[in-house]
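Welcome! Take a look at the structure below, and then read on.

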Amino acid sequence: MSPFIRIIIILFIGAGAGILTGIMGASGVMVVVPMLTLVLSFPVHEAIGTSLLINILAAVVTSIIYYRHRHLYIKPALWIALGSIIGAQAGSKFADMIPPVGLSNLFGLMLIPMGILLWVRGIRRTAGGLKANNDNEGLPAQTVKQKLIALGLGVLVGIMCGLFGAGGGVMILMILIFVLRYPLHLAIGTSSLIMMITATSGAIGYALHGNIDVPTALIASISTVLAASLGAIIANRVSEKTLGRIIGAILTVLGIVMIATQHLAL
């Protein structure tokens with residue numbers, strides 16, 4: 001593969017990650033890791049580490065845009081961020097102990113149910129959470145119990161981030177809506193900021209093991225920043241139902257392809 005073609009592919013991968021992050025506050029890992037491994041033959045650990053660095057850049061841009069629209073409320077959600085930092089370090093350490101084939105299968109198995117969930121139930125639940133919080137009152141609860149729940153869930157999100165390279169955007173989004181009762185747009189903006197913190201923690205863990213391709217991440221960041229900006233700007237104009245089904249289908253297909261490719265390689 002010529003260097004020019006390689007750069008073009010990396011830019012397309014970065015654009016896909018940016019759009020996904022900008023529109024839903026979701027982690028671009030679901031685009032980056034499968035494409036780096038399947039198209040550019042990256043080792044799985046290196047693909048995950050590189051995806052985390054790209055994810056940080058996308059989340060920064062998305063967070064800024066949502067902040068400018070007053071759709072970011074981080075203070076109560078810091079408990080999730082705290083737990084995610086701890087979990088991401090643990091996850092990245094365990095990931096280095098898992099054989100690449102096993103890690104690919106685990107990643108694929110994670111994508112499939114996530115895609116099905118977004119297709120079947122995600123939109124319905126999101127709509128319910130938004131309706132319950134239209135008045136923006138009591139957002140979110142500050143009881144000790146809910147703080148501990150948020151901390152525990154944050155640890156789980158962080159572990160997923162460290163293991164699979166996922167910034168945990170979708171999982172964080174669900175926690176903000178269904179546990180802390182954020183309205184949808186606030187949840188997306190805040191999810192992006194927490195995801196940036198989680199991805200940064202995970203990226204540090206992968207960097208310490210030499211599993212980040214910095215040049216690839218920097219090239220991808222060009223299209224990632226542009227796409228994330230566009231995605232965040234048009235987020236309120238996109239049909240929630242259609243978007244959920246498209247993303248759900250993509251995640252499911254990517255998960256199946258990831259697993260099938262690893263087994264064929266054997």
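This is a predicted model: local features need pLDDT of at least 70, side-chain atom pairs count only at pLDDT 80 or more; totals for chains, interfaces and linings use all residues.

I204 is partly exposed, with a relative accessible area of 45%, and its place is in helix α8.

**The overall picture**

- The protein has 10 helices and zero strands.
- Buried residues account for 52% of the 266 residues in the protein.
- Among contacts between residues at least 6 apart in sequence, 85% join residues at least 24 apart.

**The nonpolar core**

- The largest nonpolar core holds 56 residues, and those with the most contacts inside it are L36, L40, I80, L176, Y182 and I194.
- Eight elements are named as giving two or more residues to this core: α1 (3–24), α2 (29–38), α3 (44–68), α4 (78–95), α6 (144–164), α7 (169–178), α8 (184–208) and α9 (214–234).
- Which of them gives the most to this core? That is α3, with 11 residues.
- L40, one of the core residues with the most contacts, touches M1, R6, I9, I10, I13 and M35 once its neighbours within four places in sequence are left aside.

**Helix α2 and its partners**

- α2 is mostly covered, as eight of its 10 residues are buried. These are V29, M30, V31, V32, V33, P34, L36 and T37.
- The axes of α1 and α2 come within 8 Å and cross at roughly 160 degrees. Because angles over 145 degrees count that way, α1 and α2 are roughly antiparallel to each other.
- The crossing of α1 and α2 is right-handed.
- On the α1 side the contact uses I13, G16, A17 and L20, which meet M30, V31, V32, M35 and L36 of α2. By class, this contact has eight nonpolar residues, one polar residue and no charged ones.
- With α3, α2 packs at an angle of about 145 degrees, the axes being 9 Å apart. This crossing, too, is right-handed.
- V29, V32, V33, L36 and T37 of α2 make the contact with V44, A47, I48, T50, S51 and I54 of α3. Here the classes come to eight nonpolar, three polar and no charged residues.

**The loop between α2 and α3**

- S41 sits in the loop between α2 and α3.
- S41 is exposed, with a relative accessible area of 59%.

- T190 belongs to helix α8. Is T190 buried or exposed? It is buried, with a relative accessible area of 0%.
- Not counting residues up to four places away in sequence, T190 touches H71, L72, Y73, I74, A77, L176 and Y182. Two of these, L176 and Y182, are also listed among the core residues with the most contacts.

- I212 is found in the loop between α8 and α9. The C-alpha atoms of I212 and L52 are separated by 8.6 Å, while the two residues are 160 residues apart along the chain.
- Leaving aside neighbours within four places in sequence, I212 is in contact with G49, T50, L53, A203, Y206 and A207.
- I159 lies in helix α6 and counts as partly exposed, at 28% relative accessibility.
- The C-alpha atoms of I159 and S84 are separated by 7.2 Å, with 75 residues as their distance along the chain.
- I159 also touches G87, A88 and G91, not counting residues up to four places away in sequence.

Definitions and conventions:
Residues are numbered from 1 along each chain as its sequence is written. Side-chain values use heavy atoms; hydrogens and water are left out. A nonpolar core is a set of buried Ala, Val, Leu, Ile, Met, Phe, Trp, Tyr and Cys residues joined through side-chain atoms within 4.5 Å. Buried means under 20% relative accessible area, exposed over 50%, partly exposed in between (1.4 Å probe, protein chains only). Helices (H or I, at least four residues) and strands (E, at least two) are DSSP runs, numbered from the N terminus. Contact means heavy atoms within 4.5 Å. Axes are lines fitted to C-alpha atoms, for helices over the stretch in contact, and angles run from 0 to 180 degrees between N-to-C directions. Angles under 35 degrees count as roughly parallel, over 145 as roughly antiparallel, 65 to 115 as roughly perpendicular and the rest as oblique. A crossing is left-handed if the near helix is turned anticlockwise from the far one by less than a right angle, and right-handed if clockwise. Ala, Val, Leu, Ile, Met, Phe, Trp, Tyr, Cys and Pro count as nonpolar, Asp, Glu, Lys and Arg as charged, and the others, Gly among them, as polar.
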